[in-house]
Structures are given as structure tokens and as C-alpha cells.
Amino acid sequence: MYPKNCWYVAAHANELTDKLFARTILNQAVIFWRTKDGGVAALEDRCPHRLVPLSTGTAVDGEVQCGYHGIRFGADGFCTHVPGQDTAPRSPRVRTFPVAERHNLIWIWMGAEDLADEDLIPDIHWLDAPGWASTTGHLHFKCDYRLINDNLLDLSHETFIHKHTIGNDSVADSPAITNIIDRRVVRVHREMPNIEPPPFFALSQGHDRRINRWQIAIYMAPGFNMTEVGFHPVDTDRVEGHLMMRPIHIITPETDHSAHYIWAVARNFRLDDDALDANLWTQIDHTFKEDRALLEAQDRRLQAEGMPKVPQLAAKIDAGPVAGRRLLEAMIRQEAEDPRYCAPPAPLADDDVVTMPFAMAAE
Amino acid sequence: MYPKNCWYVAAHANELTDKLFARTILNQAVIFWRTKDGGVAALEDRCPHRLVPLSTGTAVDGEVQCGYHGIRFGADGFCTHVPGQDTAPRSPRVRTFPVAERHNLIWIWMGAEDLADEDLIPDIHWLDAPGWASTTGHLHFKCDYRLINDNLLDLSHETFIHKHTIGNDSVADSPAITNIIDRRVVRVHREMPNIEPPPFFALSQGHDRRINRWQIAIYMAPGFNMTEVGFHPVDTDRVEGHLMMRPIHIITPETDHSAHYIWAVARNFRLDDDALDANLWTQIDHTFKEDRALLEAQDRRLQAEGMPKVPQLAAKIDAGPVAGRRLLEAMIRQEAEDPRYCAPPAPLADDDVVTMPFAMAAE
Amino acid sequence: MYPKNCWYVAAHANELTDKLFARTILNQAVIFWRTKDGGVAALEDRCPHRLVPLSTGTAVDGEVQCGYHGIRFGADGFCTHVPGQDTAPRSPRVRTFPVAERHNLIWIWMGAEDLADEDLIPDIHWLDAPGWASTTGHLHFKCDYRLINDNLLDLSHETFIHKHTIGNDSVADSPAITNIIDRRVVRVHREMPNIEPPPFFALSQGHDRRINRWQIAIYMAPGFNMTEVGFHPVDTDRVEGHLMMRPIHIITPETDHSAHYIWAVARNFRLDDDALDANLWTQIDHTFKEDRALLEAQDRRLQAEGMPKVPQLAAKIDAGPVAGRRLLEAMIRQEAEDPRYCAPPAPLADDDVVTMPFAMAAE
């Protein structure tokens, strides 16, 4: 249901401190903390003594101390101290996981440890590049993570689920074009010229003139999604007058029927505006929770029916989600055939991907 | 566990508006709404696109619009509109269910569609006939619906479960006579002459003179129950002085271990007394919730033991419930032998059934 | 997982009155009440009529009356009355359990009834002997009862779980000596000379002079635990100046993954001090709930892994718990081989067991 040989996002970098932080990733309970040098340690959240979760304990001197009997383990998983005795056993060792910190995110590798190459982390530099500011959050969804990808690759749902924030009739009424890039990325592009702005856009824009809006849904298997959201008042120039947001939605499976929705909405305007930041957070959090209610209902129904394949009714809007599932299935199949296969990352921000609308708009 | 070729009550008629109304009946999620002509539509609560419950959506122009992508379906189950495209696919079609509105109730047919004959709806005209007024409600019971039928066919339980409202020692101490009528109806009749009135009766009666009380439990498989409740002060004439209520308890299976308890208490006195109505509602709702607590505990115990057959201790009070189970089992068996078998309704209100006590009292 | 031919503690004696008291013991729902002569009746909590829990009902005239139809049963399990009829059937009879009241506790025998010999009840007379006062309580733990025994046989956990009450570094840092007595009792003894008193001890002692502390964990399978807790200021004589508490922790399985933690902390000082009593109760209840949170997390993890054997990391502190498990397993094995085997109780309070520290301290 998910590939293992790839980097998954476990958390925002600022969620990690020198205290213990527990999160389940791919059905595996993991405990994270920052070591003395500021690096990140990731161990199985399981004391090998009596199988108590290590997260019952505390981080002490850059090591983890179990909450039951105080047995300590280093970031390398080796036992360093057993209270009441002078020596610590060399085994059993707690399982460790490769971790990396990049683009303000904590990445974890759940597959074969020696394959964990940081060059496989996708380039999403605008989360920490000059000229961009981000609003970030984390949500827990009780559904198969693939349903969230499906959702993000067909944004016509905004008209129905998000009519109070980002959707209006113009979204579902406008056609979308689906492309597959480098056999790794699905791109679904929709132009909405000369439309009424949905409520959320007034927040960024400060008024409600008619706008030219565009959106591009980008997906890279297994769980990376980015939605470029751009618009400008119809009486302004597209290149100079537009406001653009790049919501990043990273969907990391927790269990077969739950997922972490780790989001960061990067914007290229009003970078230091804390009030805007707070407002955006509230609206985005609310918006994604609208998706959550629906997707959790969908998951319950699918589970009750034994997880049949969807869609079962053919609609044009499904071109994106269907293409996304194919890329994911190919990735899983390749790993099944070759356990050492690792899918390479694809470019996410070059001219062929997110900046294409300007070219198209000029046509 | 339940027959399918018969009309089940899904709701009170006033629960249905032009908005969507979702209810699970016989393990099947159904969505109801009123169409433009005021009729009632009933579809499977499942969008055939991505299997999201249609109840996530809204009713629009007499059709249902899914809450996810806005795909619309008519009352006939056919797709009428897919946003972003000009034509709607003819398949898949959403499953429809025959529905009827009669006696202020919404009836649904879950069996073979072509057998749904409205003449099979039992005559319970006093829910909408002149000379009667009704107090109505709906409760959700987490137990096998058959346990509720058992409960209603042995009203000696009033003495123990409902001692603060309708029960006192006189109920359990008085013998009951059980008859089977037309092989379709069980009738359990109990006379309680010259007794102290239980608390609830003072409410209708306005004082607490000793009363002659009678009760008749009527059951027709699978889930129709009526309890005629009659009484008059001992110093008045039975025919002229009595007050009578006919609580109708319609028990519709939701799942194997949950049921809808759809009730309407018809009375032949103080028809326009809203204060009495409100008071009755409060006491009846409270009373049925006393049953609920006990029956849910019974269901948990029965499930833990693998649903053994009860009663296991022979008592006279079981004549009614045992007869009721036999009629239900016969109905299920006949349907198993002949999938097109439909049990005919039986008269519920003629002289042989509910009005017999007057005759008996005169003997 | 547990032997049946032994006395289990069901409740504190003061929990039982002439009202019904329901508690599940060894996966068996039981109902207790005091009969007219003050004795204790224990029946299966299951009316044989329709399998409703008898605990839905009430105790009437020293008998139990079911909450559904008022059928009554005596303490001997025989039906004594069925409402609406003159005679009561001789069968079915409700299952009875041998019970005994001793040392302010209610004991129940869940095995072969004819083997229930009150001489098999262990002597824990200090719960009702002159010179001792007790603070008592009951907690419900959602874990395998054996995990609680393990916990109580390795008190080094006090340093980590109970650092705000009874633990400090001196506990885990001090070695413990494990003995097995009479093949029935495990005894783990730890001396902590000249240490800082943990917070809880100031409560009993009234000040915070350095103390000599000792603790002895006593275990007798299946679920009897006693922790002798003793200490005296370093500048006083051990025999004359010490304060001693004997917390009794009786762990009775409720289900395979839940247990009753029935505790009584006996002390030999300030016997009539109600304020001390209330203070002790609060601190002890808080302390045992700290264990509960951890043990319930452990149980969830062990269940997820199919209940593997622990410990899996070898540590000296496990000598006590490992010995305790061996005695328990031997007891279960003996009963499996001989269904009439009953393990004899062992002395818990003689010189070899709890009073040994004085001798040792003198060495």
C-alpha cells in the first residue's frame, strides 16, 4: 500500500526539541528527539526490556531513558545504562531510523537503511528560501493516505467542500488539463479567467474585484502534493500583479487507515505579516478539516465494502487522481520486484512544472 | 433474522423535508428527501463515483448532490449532472427503494422491488384519524430488534422497570391471556380491576382515584407493536368513562444489534392539549429509555454468549413473547422457502383485537 | 493464565452492603450482597430467564430480584418467586460461588466448589489486628494482572515512575536481594542506608532528616503482593525509632487484560490519625495511578505484538519478577496436571519473611 524505500516527512522541524516526540509512521511507532549537537535521533518507540513505549520516558543528556525502569539508550540504539548495575548489555539494540532535516522538515527513511540517500529528498526549497514565507500545521486524518492524494489531485471538490473559503462554482465549471512529467509527477492545471473571488481570496487581496485565478495540483508519489494557487485582479498584469501561494501537503501514512497531513503554505507576498499568518492558519486549518470529515466518511464506507477500487463512475475530473494512483502503484510494484529500488525525485519547481501558467496565459 | 419482503417504517412523516435525511435500515444506509412534488425519494446512501455517502451532500432542485464532487442523481437513481462536463453517464445508477407515506409514517420496502404493494401496509388509521391525537418520537436502541418485541409482549416488566411511571405491583400480579389471531398477530390481554393508579396515570386523569385498568399488547411480525392502555375510575362506567391510549411501537432493525424505536402514542381524549402532549412526551421518552438501558445490557450479555435462545426458565409471562417469536420465525422461514412470499397484513383494530376488553369486561 | 483453585479477593468487606454489588472476576460476572444474617452471597450475574444481568435488579429481603421481570433467587441460587404465578421452578439454578470474609476482605473461590477450604486463605492478620491501622482503596487497571505483579516485584521503578512521591535515585541505585521461600513466596529485599527521604516519607515523618530506608517486596502467586516499607531517621535506633507500612496489593484478574487492584496500606503508627489517613489515601491513589498509566501502555504494546515473553533485555532488577512468574507458572501447571490441586498458603509474616531486615540490619 506504500513504498518503503523513500523519504517520508515525519514532522515540521520546529516540532522537535530536546524532549521526546512520538509519532507512528508506516505502522511503526517512532520516537524522536534532538541530541546534544542539535541533530535528530529516531528510534523505535519500544524499550527492549519489557516492551514499554520509550515515549513514557524522558530525554536525558541526549539519550532516551525509559519511563519504567530508567534504562537508557543512545541515539545509535545501544543500551548505555541499566540502573543498579555497572555494565550495560550490548544487546538487544533498539532499532534506529535514518533521519534528515531539510527545508524545515524532518524526513525519515523506513526502508533498507543503507539506501537512505539524502539526494533522494525532493527539492522544495521555497519552504526555506528568501522571498517566501510559510504558515504551517499538522492534522491527523483517520483515512487511507491515498484518499488524501486523490482529493488533492482533483480540486473541483473545492466548489462543494470548501464553498465558504476557497471554492465557488468557477472551480468545478472550469476544465483542467492533466499532464504526467518524467513518469514521476502528475500535474493538473486549471485556469479560471475573470471570476468572482471566493471568500478566502479577499483575505489576501484586501478587496473583491473580479480576478483571474489559476491552480496547479502537483503530485509525486507516494505522498507529496503541492497546489500552486495564483490570482490577480482582472485589471492588473498577470506577471506583475499576481499573488501566489504554494500550499505543500505532505501525506505520510500513519497506519493503513490513518495519515499525517503535514502542511506548509508558502507565499510570495506580505512576508512579515503576522496577522495575515494567523488568519491564514485559521482558514487553512478549517479548510483541511472540511476535507477530513468527508475523507474519513469515505474511508469508513470503503472499509465496509472491503476497499473496492474507485472511481466506479467515469468522470473527466478523475484524470488527475487516476494518473496519480498509477504512478504510486508503479512505484510500489518496482519496489516489490527489486527491494533495492528507490524512485528518484523529480523537479517540482522548474518552468515545466509550476511556472507554466504564465506561458499559457500568454498564449 | 428479519424478513425483507415487507414494509418497514423508516421515519415519521414530519421528519422528512426537502433536506437530506439519512438512516440505516436492515444494514443498508439509505438517504431520503422530499422531491419537488412533495413525494419521498429513497436512494442508497452511497455515491457510485467514489463511494462517499451521499448524505455528505445536499438536496438541490429535488435531486441529491454529492458532497464531494457535486455529482447529482435524481430520485430514480440516474446521474443527471457531473460538474465540468456536458453529459452525465447512464450508469452506474444508484439503488432506489420503494417508499410510501401513510398514517403519518414513511414506509420503505427493502425486498424485491416489484413486490412492493402498498396494500400490504397495515391499517393503523388512528394515527391520522379524527378523534385521535398523537405524541411521537424516535429512539435508537443498541440491541437486536427482537428483544424489543419480546419486551413489548410481556408487560409484566412495567412493575420492575417502570415503577416510577406506568408500573406497579398490580401489573405483574395480574394474569394475562395470550391469543394468536389469523396466524399473524399475537394479542396479550391483562385486566387489572380496582387498583391504585401508577404515577403516570394521574397525569392523564388529574387525580388518583382507584381505577380499573386494562392493557392489550398487540404484535405483528416483524416489528409492529401496539399497546392498548385503558382505564377508568372504579366509580365510573367503563364504556363512557374510560381514557384510552394506543401506544404504537414500530421497531425497525438498523443493524443486527441496533434498532429504530419509532413510536406514536395515540389517545382519544384531550386532543388539543399541548401541555399534556409535552408532558406525555417527557414521560414516554423517559419510560422507553428505561427499557433501552436494560435491553442493551441484555444484548451485550447475549452476544457474549453467542446469542443463545431465551427464555431458559419457563414462566407464564413468556406466552406472549414466545408466540411472537414463532410468528416471526415462520415469516422468515416462508420467505426463505419462497423468495416472493409476502406476509399479508392482519386487522389490528377490529372487534376481535383491540376492542375486545369491553366485551370481556361485560362478561 | 491464572489458577482457579485458590481464593481471590473480590472486594473490601466494607464495599458490601445489603445492596447488590457487581464485579467481574476471572472473566466471570458475579453479583454480591449481604444476606439477612450479614453473610455474603455470590451468584453469577446472569438471570437464567432471559440472561439479563441480575445486577440490573435489587436485593429484596436478602434475595436478588431481577430488574427485568422481578424473578427472585435466593443466596443458594434457587428461584424463589416468579411474579404472576404461585410456584417457582426448581431449575435452572443460578451458579453460586463460595465466599469468605476475613481480614476485612471478601474472598471468592472460582474453582471446584468442594475444594474451597477457608484454611487456604493466607494469614494477613495485620489488616485487622490490634496495633495496626489501614488505608484502603480499589483501582481498575486495563492490563494483564501479571504485569502488575511484575511491577511490584521490582521496586526500582519507584525512581522513575514515582519520583514525586516514594521514589528517588537511592531506590534504583541500591541492590536488591531476591529469595524464594517455601517454593511459594518471592521476597525481594533492598536496604537504602543514610539517604534523602523521598517526598512521601516527609508526610509520615513530619520532617526531612536523612533516613535509613528498607523495602521488602513479598509475592505469593497468583496475585498477592505486600511491600514492607520501613524507615527511621539515621540518628535514631532502628528497632525503636522506625515507622513501618505494609502496603498490601491484591491483584485479581477481571479479564485477560484487566484487573482489580485492591489495596490496603497497614501502618503501625499514628493509628487514629484521620487526617494522616486522608493524606495517605490521596498520595497512594495517585502513586498507583502512575503505575496504571504505564502498565496499560505496556499491555497495549504487548497485545499488539501477540504477548511475547518479557523481559527481553537481561537486567539484575528482574530477578524478583522472573522468580514470581516461575512460581505462578508452576501453580498453573500443577493445576493443569491435577485439577484438584490447591496450592497451600505460605507464612507471610514470620521472622523469615517480613521481619528479617532487623536481623540483617544488625549483622
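Figure 1. Pro222(B) lies in the loop that links β14 (211-220) to β15 (224-233) of chain B; strands (E, at least two residues) and helices (H or I, at least four residues) are DSSP runs, numbered from the N terminus. The peptide bond between Ala221(B) and Pro222(B) is cis, with omega about 5 degrees. In chain A, Pro222(A) is placed in the loop between β14 (211-220) and β15 (224-233), and a cis peptide bond with omega of about 5 degrees joins Ala221(A) to Pro222(A). Most peptide bonds are trans. This is a predicted model, in which local features need pLDDT of at least 70 and side-chain atom pairs count only at pLDDT 80 or more, whereas totals for chains, interfaces and linings use all residues. Residues are numbered from 1 along each chain as its sequence is written, and chains are lettered from A and ligands numbered from 1 in the order in which they are written.

Figure 2. Asn27(A) is not a glycine, yet its phi is positive, at about 65 degrees. The residue Asn27(A) is found in the loop between β2 (21-25) and β3 (28-34) of chain A. Asn27(A) counts as partly exposed because it has 14 C-beta neighbours inside 10 Å. Leu51(C), also a residue other than glycine, has a positive phi near 65 degrees and sits in the loop between β4 (40-44) and β5 (58-60) of chain C. With 22 C-beta neighbours inside 10 Å, Leu51(C) counts as buried. A residue is buried if 20 or more other C-beta atoms lie within 10 Å of its own, exposed if 12 or fewer, and partly exposed in between, with C-beta atoms placed from the backbone.

**Figure 3. The open four-stranded sheet of chain B.** The strands follow the order β5-β6-β7-β8 in chain B, and their pairing is antiparallel; two strands pair if DSSP finds at least two bridges between them. β5 (58-60) and β8 (79-81) of chain B stand at the edges with a single partner strand each, so one side of each has no neighbour in the sheet. β5(B) is joined by three bridges to the antiparallel strand β6 (residues 63-65) of chain B. Val60(B) stands opposite Glu63(B) of β6(B).

**Figure 4. The contact between chain C and chain A.** Chain C is superposed on chain A by a rotation of 120 degrees with 0.2 Å of shift along the axis (RMSD 0.1 Å). That is the relation of a three-fold axis. Superposition is by least squares on the C-alpha atoms of residues with pLDDT of at least 70 in both copies. In this interface, 22 residues of chain C are in contact with 19 residues of chain A; contact requires C-beta atoms, placed from the backbone, to lie within 7 Å. On the side of chain C that touches chain A, α2 (158-161), α3 (169-173) and α6 (274-304) of chain C each give two or more residues. The largest share of that side, five residues, comes from α6(C).

**Figure 5. The two domains of chain A.** Domain 1 (7-118) and domain 2 (130-362) are given by the domain assignment of chain A, with bounds from an automatic or database assignment. The C-alpha centres of domain 1 and domain 2 of chain A lie 32 Å apart. In chain A, 10 residues of domain 1 are in contact with 11 residues of domain 2. On the side of domain 1 that touches domain 2, β1 (7-12) and β2 of chain A each supply at least two residues.

Key. Two residues are in contact if their C-beta atoms, placed from the backbone, lie within 7 Å.
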